[in-house]
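Colleague: I'm new to this one. Could you walk me through how to read it?

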Amino acid sequence: MARDSRYDILFEPVKIGPVTAPNRFYQVPHASGMTNALPRVRAAFRGMKAEGGWGVICTGACSVDPSSDDAPLPFASLWDANDIRAHALTTEAVHEHGALAGVELWHGGASVMNRASRLAPLSPSGIPWMATHVGFMGNLRPRIMDKSDIRAVLKWQAEGARKAREAGFDIVYVYAGMGYLGYEFLLPEYNHRTDEYGGSIENRVRFVRELIEVTKDAVGKDCGVALRVSLEELRGRPGRNLPSEAHELIELLSDVPDLFDVKMDSSPTDCSASRFTGEGSHEPVIDFVKSLTKKPVVGVGRFTSPDTMVSQIRRGVLDLIGGARPSIADPFLPAKIREGRVDEIRECIGCNICISSWHDGVPVRCTQNPTAGEEWRRGWHPEKVAPAANREKVLVIGGGPAGLEAALTLGRAGHDVTVADAGKSFGGRLAFERTLPGLSAWGRVVDYRLQRLQQMPNVSLYLESRLGVDEVIDLAPDHVLLATGASWTKMLYSSMEIPVGTLAHPAVFTPDDIRDGRLPEGPVLVFDFDNYYYGGVLAEHLARQGLYVHYATPAGQASAWTIMTNELPLVARALKDRSIPVSTLASLTAFDGETATLANLFTGEATRLSCRSVLITGLRLPDTTLADAFAQREADWKAAGIRSVRMIGDALAPGAITHAVHSGHLAARTLGEDHGHAAYRRDTPIVDRVEGFSLLAAAQ
Ligand code: ADP
Ligand code: SF4
């Protein structure tokens, strides 16, 4: 199909210093959880996006020196020859498809704890970053940099740039954002210096300017030099001559780097979840940058619509369309626009599970794209599935995320696929959840798959078709996938911090009751020990129906796990906006239809709340009725010619939607194999030591 000429502008080349991006699709630096210990996994992950048409592909934060050590969080490094070789795999993979490779050289300053290197962290004035942020920070405070420390960081940056060029990178970054060292010099809260690096905005910018200058001196003839800078805080500070200090910073540096990569200051605003923020949310902060520099500007905003992208360029907001999450969810987004296949874009849903992977310290996972991170180790391609050697009949029971993903992948392989679902619409849990406050974008998981499936002649879709073993035996497919989901239980939570017992009372509800349209009588106590989004979202949902809602959890915060997805602070605000009180460290011990008793998890101290009903969002268990029936009738279904019956998704192990989608994809790629433990290739670090090389010498 021909490309829509409205989108031609997106495919224009853009000059970045001495190098030229082939188009305006720019995968900005983003964490992948793939350190130098996984060089092939990383190269294949980044290379796939180049294959999909992104014109520039960047690494995540790449440390220039052991004094910038984020362990145990995953980070890359360019410290020694082995690191150069590890990165060279990525630049080769990117260049193979005509894209440019960028490296985000990084010094974390006070934001790192140097837990592995055990070096004292560096900072402008000894001010720590998020010192009380459990899980990120430790109890070591940074030391104050003297002039020789400043000179050392500049030297490491220049050396890092030269190593980057040797590794094949075309664009080299200076990083002054997100609380890291360059940023700490820019912000007066971190920078209390009285020398030429502190005080006025000119002085606070000096260190960043010098970082750019040494990078240009080192590699500026061959590589584009980019400045990545966070502008949110500075935009809020009045400037002396211009509207804000952000304006003054850009004006001071307007000719210095070859590219401005502009962003927000903290992960929750920079990578905000769709539950609370829409596409293009950075614009009010970064919209002025192009008016103060002639250099190209890249920025992000979870852009998935080509019309929005064109509008950003035509209105003079951005020159390059930055993408992190949209490039993970669909590495082939540019190719689909180029080829007039816009309706095939697998749009990011803004759930931030990818970000949770980094917090977990593992390679990136994506709800929409189950092949992310699996390109090398399992050989999965996001768009291609090898044609099946034998076309087989596969019955998928359940059309939720797991069933739909399995059907799509099987359909692409050319199998004869039937999906039967008991419900009135496809989507499984999402059929209801997508109607809840803030979750409409999650419906893309269903829509993307359903639209593809509806166009496949080898796939049949049936609704209102509850199947049991007898019906399946009559249909006699070659393979059966049970994607029948899980159910919420009324189990409570013990002081041993495990689900225990059941609260039996007619006015006790589960999320499945709410889905089925049973509205509790208010006041309602929502007791949440699932701790992800659902308890908080349902509390909002019930409050919207006009019910008085009280939220309680054994965790320390409402929807505690959402700290992993950048949503936690916004959940607290959303509950407050709906006047929903929150009790934390609370365990529900009794309910008699009038009063609920909460006990403090640690002290046992009891509190009584007046409420007419309780909604427990706690433990989910797989619905095993069908699986048990299949186990009992094995001889019968085998006699009917059915060769395999396998559970997938929540029916196998209840989890987030990302788990269900991955499970469905895995089952389809390994159809008929004995079990789900399909082996994957194990990556190894590159350890070809160079004769006489000394890491300590390199770190001086
Ligand atoms: P997952 O997240 O694993 O995809 P969901 O709970 O989202 O699981 O979806 C399970 C789907 O399976 C639901 O749409 C439900 O209607 C359907 N289902 C459950 N049991 C049967 C059955 N016996 N026959 C057909 N569909 C079923
Ligand atoms: Fe988007 Fe969610 Fe995938 Fe991240 S995990 S890229 S937010 S769909």
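Modeller: Let's start with an open sheet: five strands in the order S21-S28-S22-S23-S24, with parallel pairing. Strands here are DSSP runs of E with at least two residues, helices are runs of H or I with at least four, and both are numbered from the N terminus. Two strands pair if DSSP finds at least two bridges between them. Before we go on: this is a predicted model, where local features need pLDDT of at least 70 and side-chain atom pairs count only at pLDDT 80 or more, while totals for chains, interfaces and linings use all residues. Residues are numbered from 1 along each chain as its sequence is written, chains are lettered from A and ligands numbered from 1 in the order written, and side-chain values use heavy atoms, without hydrogens and water.

Colleague: Which strands stand at the edges?

Modeller: In general, strands of a sheet pair through backbone hydrogen bonds, either parallel or antiparallel. Here S21 (508-509) and S24 (582-583) are the edge strands; each has a single partner strand, so one side of each lacks a neighbour in the sheet. S24 is joined to S23 (residues 549-552) by two bridges, and the two run parallel. Across that pairing, Tyr-551 is opposite Val-582 in S24.

Colleague: Which residues come nearest to ligand 1?

Modeller: A residue is near a molecule if one of its heavy atoms lies within 4 Å of it. Of the 21 residues around ligand 1, the nearest are Ala-402, Asp-421, Ala-422, Arg-429 and Asp-650. For Ala-402, a backbone N or O atom sits 2.8 Å from an oxygen atom of the ligand. Arg-429 likewise places a backbone N or O atom 2.8 Å from an oxygen atom of ligand 1. The protein covers 89% of the 580 Å² of accessible area that ligand 1 has on its own (Shrake-Rupley method, 1.4 Å probe).

Colleague: And what surrounds ligand 2?

Modeller: There are 14 residues, with Cys-348, Cys-351, Asn-352, Cys-354 and Cys-366 the closest. Helices H12 (325-329) and H14 (353-360) each supply at least two residues of that shell, and H12 gives the largest share, three residues.

Colleague: Is His-665 buried or exposed?

Modeller: Buried means under 20% relative accessible area, exposed over 50%, and partly exposed in between (1.4 Å probe, protein chains only). His-665 has 4%, so this residue is buried. You'll find His-665 in helix H24 (residues 657-669). Leaving aside neighbours within four places in sequence, His-665 is in contact (heavy atoms within 4.5 Å) with Pro-370, Thr-371, Trp-380, Glu-405 and Thr-409.

Key
A polar contact is a pair of N or O atoms within 3.5 Å; within protein, one must be able to donate a hydrogen and the other to accept it, and residues adjacent in sequence count only if both atoms are side-chain atoms.
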